[in-house]
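Dear colleague,

Here is the structure I said I would pass on, and my notes on it follow below. Please read them with the model open beside you.

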Amino acid sequence: MRVDAGLAKLLGLSRTIAAGLAENGGVLLDGQPAGKSDRLIAGSWLEITLPEPEHPVVVVPAVVDGMVVLYQDDDIVVIDKPVGVAVHPSPGWTGPTVVAGLAGAGIRIATSGAAERQGVVHRLDVGTTGVMVVAKSEHAYSWLKRAFKERTVEKRYHALVQGHPDPSRGTIDAPIDRHPRQDYKFAVVASGKPSVTHYEVLEAFRAASLVDVKLETGRTHQIRVHFSALKHPCVGDLTYGADPVLAKRLELTRQWLHARTLGFHHPADEQWVEFSSDYPADLQAALDLLRAE
């Protein structure tokens, strides 16, 4: 493998960061500096010098416009996440976050997890809206992390995809990993992590279809990647090949993708609970335009 690809696999880094390590002289092969495109040869001695860790991101309480608390008790808080809001702080992100919004609302969450994402058990993309849960107690954090790992959580999304998937009901079983050339994207690749998406068309329009999506796994960008691989990208998702003309006609500035329902066994009493979220205004408006055609 190339040095940048191999280091990304070995250390769990992005290829961009791995390439930067090599370019800065931080990678030695048998004592000699290795470039990012050099090859890793079996039996050679690999030495990596990692930079000093950055200062941890601090969560600053804030008011997050449009973020609604759907439910909370001593163990969990369920929110309706608006568009343009990240789940937790990360390097390079200066916009609003769910954890900052919860802190601003005076809601204390679990301290388990990395400092900037304490209590977070799953995520939604910045451009994806809908229902999500955050752990408030340490017990709930452990319970929910295990539930997501063991796939006992039911996650249903609604997506507006271009064209008409055939068959109208099916399963996409295709492994996902980082895009081999564009580090900010993900793609279906043979060496990726197992990824399974079930879908059913709910409503067909002339240029698009509204589909109900049930995730069996929860890879980053999974729905966007899988439907893009089928040549039916989410409407408005220009990153994954959507038609910009259709997006403009429907006045969409992001992917039409919404976390519709979330169900799981409650960590306090193991009773099944389920929460849902209505379409936000921009997604509903796009549907109304399609229905009027």
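**Charges, fold and backbone**

The mean positions of the 31 positive and 35 negative charges of the chain lie 4 Å apart, where Lys and Arg count as positive and Asp and Glu as negative, with His and the chain ends not counted, and where each charge is placed at NZ of Lys, CZ of Arg, CG of Asp or CD of Glu.

Please keep in mind that this is a predicted model, in which local features need pLDDT of at least 70 and side-chain atom pairs count only at pLDDT 80 or more, while totals for chains, interfaces and linings use all residues. Residues are numbered from 1 along each chain as its sequence is written, and side-chain values use heavy atoms, with hydrogens and water left out.

The chain holds seven helices and 14 strands, taken as DSSP runs (helices H or I, at least four residues; strands E, at least two) numbered from the N terminus. Of its 293 residues, 47% are buried, meaning under 20% relative accessible area, with exposed over 50% and partly exposed in between (1.4 Å probe, protein chains only).

Aspartate 166 and proline 167 are joined by a cis peptide bond with omega of about 5 degrees, and proline 167 sits in the loop between strand 7 (154-162) and strand 8 (169-173). Lysine 231 has a positive phi, near 70 degrees, in the loop between helix 5 (222-229) and helix 6 (244-249). Glutamate 270 has a positive phi as well, near 65 degrees, in the loop between strand 13 (257-265) and strand 14 (272-276).

Best wishes
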